[in-house]
Amino acid sequence: MPDATQQEIWWAVARSEEVTARKPLAVDIGEQPVVLWRDAQGTARALEDRCPHRRAPLSLGCIRDNGWIQCGYHGWMYEGETGRLKEIPNMKDQQKFPPVYRAQAFGVYEQGGMVRVCLDAKATAPTLHDDPLTYVGTAHVSLGHQEYLDALYDDPGLVIAIRGVSFTPYLMSELRNQDGLLVMERSCQWKGLHWPAPFSSDFPLTVLTQTHPVSGETKLTLRDGEMNDLLHAVIAPVPAARGVTAIRWRAALGVRHPGLRGAALRGLNPFSVRGTVDGARLRVTRPSASLHGEDLRNAMCAPELTSEAGPLTPVETVAA
Ligand code: FES
């Protein structure tokens with residue numbers, strides 16, 4: 001697996017509504033702590049979550065009316081675009097601030113209800129045009145980033161839930177590289193359809209997943225037999241400190257499916273990401289779709305391929 005934090009990757013570290021001008025938000029990209037907030041113009045900003053003075057987390061400070069972030073320890077203030085030190089309480093105006101006291105600024109890109117951060121501040125922001133999706137959530141799971149994605153590939157029910165729908169172990173297509181994304185399709189059923197028979201070969205639904213090979217950001221689409229989009233979601237797992245994966249997600253319903261099944265899908269919380277993973281079930285889940293995932297990712301992220309194709313960007317939908 002390539003070192004994800006060293007590449008020009010845009011990580012969806014927060015949902016737009018989580019980033020405010022009232023209170024700083026602390027997130028991580030791997031072992032890199034990041035503080036997010038909105039400045040006076042409403043623009044999302046991201047700095048390293050360590051004050052250059054004595055390394056106190058800036059996220060423990062506050063946001064001033066002018067949009068600067070103020071450290072909670074000795075009160076130094078930084079602006080968000082460059083991380084430049086702007087003010088030290090009680091220091092006379094004519095005194096110059098040593099340039100070494102500049103917080104590290106990161107690239108920020110907000111679109112589709114997600115705030116994405118790139119550790120390379122000079123990275124080119126992608127051009128996505130997704131509308132924000134209605135149903136949202138944030139979960140923190142005690143599972144490494146790759147283990148989380150492998151669980152999604154091998155048994156989606158371990159990590160997500162779709163109301164009224166059960167995932168089967170049967171794949172319509174194996175994990176494959178399609179237009180720079182890891183793509184696979186899994187057969188699904190409506191819940192409670194097949195009583196009393198314990199088996200069936202009738203799978204009226206499929207779930208299509210399209211995953212960025214490094215960030216793991218995934219577009220998920222639930223479709224019926226006529227290929228109608230019944231529900232779609234963006235799932236954005238980000239490696240956090242201490243082996244935790246932070247997952248932000250947004251989802252929306254698509255075409256209305258007739259009858260009780262469609263009504264069940266349109267009930268409360270049609271989609272959710274599980275906040276905990278059943279360890280007993282995970283332990284006995286055999287690697288299946290994930291088996292070739294690492295080889296595929298390594299091939300897709302080889303330097304000669306990414307330099308030809310340009311920097312990897314967040315997931316854009318490709319035709320299935
Ligand atoms: S540690 Fe932040 S101002 Fe001193």
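At least three residues of the core come from each of domain 1 (4-118) and domain 2 (135-309), the domain bounds being taken from an automatic or database domain assignment. In soluble globular proteins, nonpolar side chains tend to be buried together.

The structure is a predicted model, in which local features need pLDDT of at least 70 and side-chain atom pairs count only at pLDDT 80 or more, whereas totals for chains, interfaces and linings use all residues. Residues are numbered from 1 along each chain as its sequence is written.

The protein chain has five helices and 19 strands. Helices (H or I, at least four residues) and strands (E, at least two) are DSSP runs, numbered from the N terminus. Of the 320 residues in the protein chain, 38% are buried. A residue is termed buried if 20 or more other C-beta atoms lie within 10 Å of its own, exposed if 12 or fewer, and partly exposed in between, with C-beta atoms placed from the backbone. Among contacts between residues at least 6 apart in sequence, 55% join residues at least 24 apart; two residues are in contact if their C-beta atoms, placed from the backbone, lie within 7 Å.

Two strands are said to pair if DSSP finds at least two bridges between them. Four bridges join β1 and β10, and Arg 15 stands opposite Met 114 in β10. Five bridges join β9 (residues 107-111) and β10 (residues 114-118), with Gly 107 opposite Cys 118. The hairpin of β9 and β10 has two residues between the strands, and Gly 112 in this hairpin takes a positive phi near 60°.

Ala 46, which belongs to strand β4 (residues 44-48), is 69 residues from Val 115 in sequence and 9.8 Å from Val 115 in space, C-alpha to C-alpha. Ala 46 is buried because 29 other C-beta atoms lie within 10 Å. With neighbours within four places in sequence left aside, Ala 46 is in contact with Val 34, Leu 36, Phe 106, Val 108 and Val 117.

A second open sheet, of four strands, has the order β5-β6-β7-β8, again with antiparallel pairing. The edge strands, β5 (62-63) and β8 (85-87), each pair on one side only. Strands β6 (residues 69-70) and β7 (residues 77-78) pair over two bridges, and Gln 70 stands opposite Met 77 in β7.

Strand β18 (residues 245-253) is mostly covered, seven of its nine residues being buried. Seven bridges join β18 to the antiparallel strand β11 (residues 135-141), while β17 and β18 pair in the antiparallel sense over nine bridges. Trp 249 in β18 stands opposite Gly 137 and also opposite Ile 235. Five residues lie between β17 and β18 in their hairpin, where Arg 242 in the turn has a positive phi of about 60°. Helix α1 (residues 145-154) is likewise mostly covered, with seven of its ten residues buried, among them Tyr 148, Leu 149 and Tyr 153.

Two asparagines in loops have positive phi values. Asn 90, in the loop between β8 and β9, has a phi near 70° and counts as exposed because it has 6 C-beta neighbours inside 10 Å. Asn 269, in the loop between α2 (259-265) and β19 (271-273), has a positive phi of about 50° and counts as exposed with 11 C-beta neighbours inside 10 Å.
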